[in-house]
Amino acid sequence: MSSLRTEGLTKAFGGVLAVDAATVELQDGKINALIGPNGSGKTTFFNLITGMIKPDSGRVLYREREITRHSPHRIAHAGIGRTFQLCRVFPRLTVLENLLVAVRRTRLRELLAGLHDKGEIERARHWLRRMGIEHLEDAEARDLSYGQQKLLELAAALMAEPDLVLLDEPAGGVNPALIDRIVSLVRDLNAEGRTFLVVEHNMDMVMSMCDHVIVFDRGAPIAEGPPSQVREDPRVLEAYLGV
Amino acid sequence: MSEVLLTLEDVVAGYGRAAPVLRGLTVTVRAGEVVCLVGPNGSGKSTALKVASGLLAPRSGRVVLAGRDVAGLSPQRLLGLGLAHVLQGHSVFREMTVAENVRLGGFSVRDPAKLNARIEAVKELFPVVAERWGSMAGLLSGGQQKQVEFARALMLEPSVLLLDEPSMGLDPRNTQVVFDQIDLMRRTGVAVLLVEQNARRALEMADVGCVLDLGRVHISGPARDLAADPRLGRLYLGGAPAT
Amino acid sequence: MSLLLQGLALGVLTGGLYALLASGLSLYFGVMRVVMVAHPAFLFLAAYLTYTVHTALGVDPFLALPITVPLFFVLGVAVQRLLVARLAPENLAMMSVLLTFGIALTIEGLLGTFYTGSYKSVSMEYATKSLTIGDVHLPYDKIIAFGVAGLTLAVLFAVLVKSRFGQALRATIQHREAARLVGIQTERVAGYGFGVGLATAAVGGTVLALITPFFPASHWVWIGKLMAIIVVGGLGSVVGAALAAILLGVVEGLVLVTVDATWATMMFYVFLFLTLLARPQGFFGGRLAHRF
Amino acid sequence: MRIASRGLPLLVAALAIAYPWLAPNYYLVYAGALTIMYAAMSTSWNLLGGFTGYVSLGHSAFFGLGAYGTGLLVINLGVPWVVALLVSALLVTLFAVGVGIAAVRVRGASFVIVSIALVSMMNLVVQGWRSLTGGSTGLQVPSPFPDLHRGQTHMVFFYLFLALLGLALLTWWYVSRSRFGAGLRAIREDEDKAESLGVPTGVYKVAAFALSALFVALAGGLYALWFGSLDPIFVFSILISSYMVLMSLLGGVRHLYGPLLGALIVAPAGEYFLIALGETQIHLTATGVVLVLVVLFMPEGIIARLTRKRAGPSIPDQSADQRLQGVVS
Amino acid sequence: KTDEPGAAQSPGQQQGPVKIGISLPLTGDFSEPGKGIQEGYQVWADQVNAKGGLLGRKVELIFRDDASDPNRVSSDYESLITQDKVNLVFGPFSSRLVIPAAKVAESYNMLFVEPAGAAKEVFEQGFKRLFYAAPAIAGDHYNYLADYLTKLPADQRPKTAAYASLDDPFAQGTAYGLRDKLAAAGIKTVVDEVYPPETTDFAPIAAKIAAAKPDLVVGGTQFEDSVGLVRALQELKVQPKMAAFSTGPTLAEFPSAVKGAAEHIVSPVGWSATSTFTGNQEMIKRYKEMFNGDANEDAANGYTVGQVVEAAVNAAKCVDPTKECQDKLTEQLRQATFDTIVGPLSFDDKGRPEQAHMIQQYVNGKVEIVLPEQAKTAGLVYPKKPW
Ligand SMILES: Nc1ncnc2c1ncn2[C@@H]1O[C@H](COP(=O)(O)OP(=O)(O)OP(=O)(O)O)[C@@H](O)[C@H]1O
Ligand SMILES: Nc1ncnc2c1ncn2[C@@H]1O[C@H](COP(=O)(O)OP(=O)(O)OP(=O)(O)O)[C@@H](O)[C@H]1O
Ligand SMILES: [Mg+2]
Ligand SMILES: [Mg+2]
């Protein structure tokens, strides 16, 4: 069974076809990579999946259930979490509060429940520890450096306990030493059974971390397969790696 | 040895009333030389560039540009002395067209013929700039915006160029274009101060490398030597040194 | 039928007046992101100055413009540099409302102190004549207002969209650091931007003085109307605001002759809410949606 | 510290309850009740403004509707005043849900404009609907306590407003500790991001809007019963909303007691200006200048000023030193 | 509490100056007339003090600005009565502010004579101590004009009339008083328009009137809208045989605001600068000395309140805020007839004055009283000259 599948997903902005009839299937329980040249529609594809923008046509299916045109928060509740290319945190909330926003709240009772539920705080601290930023728990998010904000964003996405995690350039602007940490974290989480879809231009990271690579060009997949195979694909070499 | 174009000497600088971010930073850049700053997130690299370009006035220390102490002068003045700075993250004028963005790059260039010549040149360098000439810059993809920014900075023909993570968000092909361009400028005698998290790649092409941490340069030397240092690799460059 | 025609004609002309009065607002609001509640107060400040010049020198109110326009420009620069520039950018919208509300109160109080609470008016012979075409009368004062509005808007459009200054202004607001790095003197430019906005208030105030009597508290009734125009037109779009002004002027005029004055005034708000439901970014322009 | 944070509110509450008995004359009771009314209203304004950052200059619409609703129910249907008060507040809340759905579609500055429009619109409706509301003649609401003399009525309403304030404070406190509150704060910071983390932002915003309208409507209803005369151009006035905003901001929108503190300062200060400078219009200027100064120098409010300064980012020295040792040695 | 009803008066109140508490709209919507009334009060106090005061005590006026806000009006009277312990209160301006103010005064048993609450609703609240110190309530302002028009020979009598009035109880009251009387006499109402105070554009209203071509145009107006309407009527070339507006034309600023168009406009007026009623000319003179300008109707109304209360105090021989004294004063108001600058005044049991307003008209650029017959300084010009 696939965790996420899109069928003929299309989105045009004015004259620009950002995503063009993209039919993509993710491998469940694997770390999937999405690569492609600048402007090939990767971020737009994320936005379509998570409901931030509505497709012109096509369908998105998550665990075989259609989620096309659902509102972003419903999709989040269905178990899809994401990070943004330009990292977005809640600047004037503390690091801990940033995570607590992500706690699930579907029923009214949960909604009105106290925020300072011990269990939730423990869970939040757990994620902070795994990102190595537990000492910053009371700092306001805007005081963190770029890389720390990236980790915080990732932690917040994970706090919602998504089964499918979409990461948009997790390594961009991050110190290489931290990248190693993110890679091992993703591996660990993947071992726990979460599926990943990672957009990334850092080829070393993609090749070493991912199980399955999907290559986008002009809004649609042009190749896919294991990293070793994709790396050799002439279409990929031409469209993406520029050699 | 060629002429020293930019020196930061014992610079102390910070934001608001908080503790200083730079604590006695010293860096020198010569004509025709690329100096690469590496360091963890939040170590003060971007801050150093802001001090050099006049966006942030240092609390103490000297900033010498082409033989003049320029600490505390406005960016406009420094621009007149031949300095250009590409900011980290996204700094396009979002609600203006690509054309307006690029033209504004040459805001201080009064000669229309020269301006048009530069425009043609950057259009050639980055096809997307030409393709999306009339689009709102804020609607471009992350990497496309980055290209517009770089193109904007190239409008100026600087003698000292400050680059803050120019490759962030760029695909391999465009990264290559940017690095090639830096190389080209070095050869025409431009002094380049480069901040990169893609550190191995940057140190490969740089002449001098500086490791910045805690607001001070701790190690500096020929770039290739730094890249080969295993201890540095573990702490700042990630992974093992490429062999 | 001729009544409808008359209502339509009056509506178009009044719309022109609205466009003039709102033009500065679309500059601060759309371009500079400052919610300028004090704009109507400045309009009436200009009206009072016009009145002073007119009564002291006995000249045509439009001859006050060479005094009021530069004065307001300088005033605008001062307001921006001394007050607005100090607001933290992250909550500019919230704080600018209060700041400018305070400015409006200050102006009202000063006007009341210097000019007393009594009505002032500037009346010219030509302001009560009208041009008659068939059954339709076109008042000269409104025609003048319409013409001045057209002129002002054209200048504003040229300044904002076409000129180097306009580009520098928009760049400054959108990314201040980047703007400084391409050589724009951002503080000066932002100040001038505000100055231009207030300069339109000087023009608007003169026309207003010619058309209606005023007293210090007159500005309150205009806030809601002018703001509604800006939202319907789409923030930041000078052209949009102008079209919305004319649209609302016409609707107001037609509703007034066919239904009544309460409904006519209500139309501004009805259109505002309809706009929100149909197209929150306004009908003619509007800011970029966020990229994710 | 512990004692200060627990004890102070208790002390203040005790003082508030004793106030009408301590006040030397009924005028001070009256002024106290008015201040508490404003405190209750700005606290409820802060349910929207403080959490979500949506600045509403339109809350006097809910105040006015609450007042007219209560008045009309008492006059036309003759229902007991408590019932009228509650029913009218409920209706206003429903109305706020409807308005909220349209209004919260726009953010930032446009929302401010929409809220201003709401007040103007309600003013026109109530003024124009003469047959129901009495139009510009206003509405005279009979006193619910005809047997009490004026001073005693002030006492009763002082406690009613105090109860309302307590309720509003409790609600704010509860929301601030709930997940709902966390969601609202996230909306203030970044709506799209909040949405992507599973916060149903639309529903939350409308809920906060309606909740905050509810208490303001209750205040309006009590006002109608207390004051007895309603006039559309005065109850639907941007000035009333501006007071709520000013009080909240002055005290601090991010604190439970911010709006209350603001009200305790602004209401007496306004009184002072009027009495000291009231013979000319210059007191408007004084108010305006104070407003400008608050915005410029205390944008986060008095409480934030007093309690905490943001230290700014600090680099943890030890951890970095350890890291460096490995390199330099 | 010190202000517990029935609390004993402190002896201090029985001596020293007679304090009179007044709240007026010195800022906001009604600041213009508010100012006028304040000046009227001041002229009166000045004159009383020059004569030796009230019952031998100096008069001291305490003003509060209510910023045209009924909430404040109540606070003001509340504090004037309970804190400043004033001996008397005088009323504020505007029907909209008089009702809440009177409520406060009433509950403290204070006599409440007011200069400006003319709308009929003011007198329907069951107030027992409220009196309007002017010749007539709003609905009766045009009585002489109605009389005149209905008595015109059939061929001269206007056939149609258009009414436009501000949505305000006073302004509307004046227009509707006339409308009802004319309609009863068979003069057809062809336009009946009410506009909210927010209205800024009067041209479309004038267009409606133009389309109906009425013989008579009546505006229930205040200042701003009267000027707006006159200008718009001119622009749309409406030429009625008579144009009547309340309030606006009675203000000194009016002729300059509408230029020549003021000619032959008629208005009801409760006071005339040329009349020789008790004290009128002294008032005008002293006003000129104090404020260096010409007294207007608002100032006269304020002054009248002072005159009425002064007479009552002198008759009752007491001026303290106790219930007994205020009861005595109220009794005086109810029974006596007062000689004032607007003529003799008496009140019915609801506090309504029982006289009538005069009608003024701009004739050759000057304000003349044209009705009633016995007070007139010039003949009514009808039909008016075109504008
Ligand atoms: N809101 C929008 N309006 C107009 N065009 C858009 C919009 N969003 C994206 N585009 C266009 O769609 C195309 C795809 O953009 P997208 O951001 O998905 O690219 P990407 O693959 O994420 O690129 P990058 O690697 O640079 O981040 C681009 O050409 C972009 O200009
Ligand atoms: N505008 C600002 N206001 C306050 N503090 C800031 C600001 N910008 C940066 N800082 C703080 O200054 C320190 C250095 O920041 P700087 O941006 O120079 O780091 P950097 O080395 O460029 O990091 P990165 O690699 O993440 O970009 C950080 O701790 C950061 O939190
Ligand atoms: Mg992208
Ligand atoms: Mg940086």
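Q: Which residues coordinate the magnesium ion (ligand 3)?
A: T43(A), through OG1, and Q85(A), through OE1, at 1.9 to 2.3 Å. Donors here are N, O and S atoms within 2.8 Å of the metal (3.2 Å for Na, K and Ca), and water is not among the atoms, so sites may look incomplete.

Q: Before we go on, what kind of model is this?
A: This is a predicted model, in which local features need pLDDT of at least 70, side-chain atom pairs count only at pLDDT 80 or more, and totals for chains, interfaces and linings use all residues. Residues are numbered from 1 along each chain as its sequence is written, chains are lettered from A and ligands numbered from 1 in the order in which they are written, and side-chain values use heavy atoms, with hydrogens and water left out.

Q: Back to T43(A) and Q85(A). Where do they lie in chain A?
A: T43(A) is in helix 1, and Q85(A) is in the loop between strand 6 (80–82) and helix 3 (95–100), so the pair ties together parts that are 42 residues apart in sequence. Helices (H or I, at least four residues) and strands (E, at least two) are DSSP runs, numbered from the N terminus.

Q: Is T43(A) buried or exposed?
A: T43(A) is buried, at 10% relative accessibility. Q85(A) is buried too, with a relative accessible area of 13%. Buried means under 20% relative accessible area, exposed over 50%, and partly exposed in between (1.4 Å probe, protein chains only).

Q: And what holds the magnesium ion (ligand 4)?
A: S46(B) (OG) and Q88(B) (OE1) coordinate that ion, at 1.8 to 2.2 Å. S46(B) lies in helix 1 (residues 45–53) of chain B, and Q88(B) in the loop between strand 6 (83–86) and helix 3 (98–105) of chain B, so this pair ties together parts that are 42 residues apart in sequence. S46(B) counts as buried at 18% relative accessibility, while Q88(B) is partly exposed at 25%.

Q: New topic. Which chains does ligand 1 lie between?
A: Chains A, B and C. Around ligand 1 there are 20 residues, and the closest are K42(A), T43(A), T44(A), S141(B) and G143(B). A residue is near a molecule or strand if one of its heavy atoms lies within 4 Å of it.

Q: Which polar backbone atom is 2.6 Å from an oxygen atom of ligand 1?
A: One that belongs to G143(B). An N or O atom in the side chain of R132(B) is 2.8 Å from an oxygen atom of ligand 1. A polar contact is a pair of N or O atoms within 3.5 Å; within protein, one must be able to donate a hydrogen and the other to accept it, and residues adjacent in sequence count only if both atoms are side-chain atoms.

Q: Which chains does ligand 2 lie between?
A: Ligand 2 lies between chains A, B and D. It has 18 residues around it, among them N41(B), S46(B) and Q88(B).

Q: What gives the most to the shell around ligand 2?
A: Helix 1 of chain B, with three residues.

Q: Last one: what does H54(C) touch?
A: H54(C) touches V59(C), P61(C), V122(C) and M124(C), not counting residues up to four places away in sequence. Contact means heavy atoms within 4.5 Å. A polar atom of the H54(C) side chain lies 2.7 Å from the backbone oxygen of V59(C). H54(C) is in helix 2 (residues 39–57) of chain C and counts as buried at 15% relative accessibility.
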